[in-house]
Amino acid sequence: MVIPSPFVYWAQTDKTISLKIDLKNVIKPDISVGDNNIKFKTKGIGAHGETHYEFSLDLFSSVKPINEATTVRIFDNRVDVVIQKEKPSWWPRLTAQPQKPAWLKINFDLWKSEDGQESEEERNVMQDYPGLYDTLQKEEMGYRKEDLKKVYLVIYNLFQFIGYTYILCVIGIRYAKLEYDSVADTYEHVGPAMKFLQLMMFLEVMHPMFGYTKGGVLVPFLQVGGRAFILFVMIESEPRMQTKPVVFYLFILWSTIEIVRYPFYIAQLYKKEIYVLTWLRYTMWIPLYPLGILCEAIVILRNIPYFEETLKFTVSMPNEWNFAFHMPTFLRVYLLVLTFPGMYFVMSHMHKLRTVKLKPKIVIKKCK
């Protein structure tokens, strides 16, 4: 059973913290104040009716214990608690954590600004200072609300996770029904979804450019751009390649990697360390990345005769630009770069990340 928390309104001076607990008919509240924590339990009438209420707050800084300098006053419609700060100072917020509980509010009746100016109960403070409420709401005394960037990133990663899960489910269900006969039609059934998700992945190249995520642009550009080249230039533009078994295996490898990567990113956004998810994120690449690069190399190798036959994307001279481009030759060079330097670059990058993320924690114990 979850015990609800009452609404708590707080204010401060440089020496004290004032809490107004919005509960009626409170008789003997159980209040304990530690070095930087306050706990409250009682039975009363609040937003959830007549029931037991409690809350616990880890405070921004140290306060004096309850038996020294804490005042508790019980009224018919509220409980007032005044706590003395250990050292006179102005706190940027009440709690140690930047996140503010939904039930914690600002007590405008007792609010004082840092320069000591009180808000007057008999005056309409919001009318005298029309920007005060907006300023306090934005600052929330040091609290950080979940901003639009975080919401957007969660929605994006969740969308991509669902998309790649859908692709794996379609491939799996069709294979369970038709067995190997389903392989040739893989691109026909999941190709449109894969193309859409791949186009969406170009947002990951722009995220660090606009400060949405940390890290560089080069690595995501090479990874996303390389996969887009295989999907749109090698597979989409050559219908004969779309029925090859290698497309079936390639889509499985790509999707398996992504259904772990995107939940890991969501967990990181909420600062949740799920070890199994972290381990999978930085371990699955060891077999999957080489297999994926091998499948991509096979796609390129099988396409070289097709592009020699059709001369698609080949530019011959003479022309008005005085420029020549031979697609099969480019594919041979790209194949060499992808197979050896490309694989080494990606694998070394992931190895460095794995070393940092999964390094054993060193615990130093003090000898007594």
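Strands β1 (residues 8–12) and β2 pair antiparallel over five bridges. Pairing here requires that DSSP finds at least two bridges between two strands. Strands are DSSP runs (E, at least two residues), numbered from the N terminus. This is a predicted model, where local features need pLDDT of at least 70, side-chain atom pairs count only at pLDDT 80 or more, and totals for chains, interfaces and linings use all residues. Residues are numbered from 1 along each chain as its sequence is written, and side-chain values use heavy atoms, with hydrogens and water left out.

**β2 and its partners**

- A hairpin of three residues connects β1 to β2.
- Gln12 has Ile17 as its bridge partner in β2.
- β2 also pairs with strand β7 (residues 79–84), antiparallel, through six bridges.
- Thr16 has Gln84 as its bridge partner in β7.
- β2 spans residues 16–21, and five of its six residues are buried. Buried means under 20% relative accessible area (1.4 Å probe, protein chains only).

**The open sheet**

- Three strands form an open sheet in the order β3-β4-β5, with antiparallel pairing.
- β3 (30–33) and β5 (49–58) are at the edges, each with a single partner strand, so one side of each has no neighbour in the sheet.
- Neighbouring strands of this sheet are turned by 15° against each other on average, direction ignored. The angle is taken between axes, which are lines fitted to C-alpha atoms; angles run from 0 to 180 degrees between N-to-C directions.
- Strand β4 (residues 37–46) pairs with β5 over ten bridges, in the antiparallel sense.
- Lys39 has Ser56 as its bridge partner in β5.

**Background**

- Strands of a sheet pair through backbone hydrogen bonds, either parallel or antiparallel.

Key. Buried < 20%, exposed > 50% of the residue type's maximum accessible area, 1.4 Å probe, protein only. Helix = DSSP H or I, 4+ residues; strand = E, 2+ residues; numbered from the N terminus.
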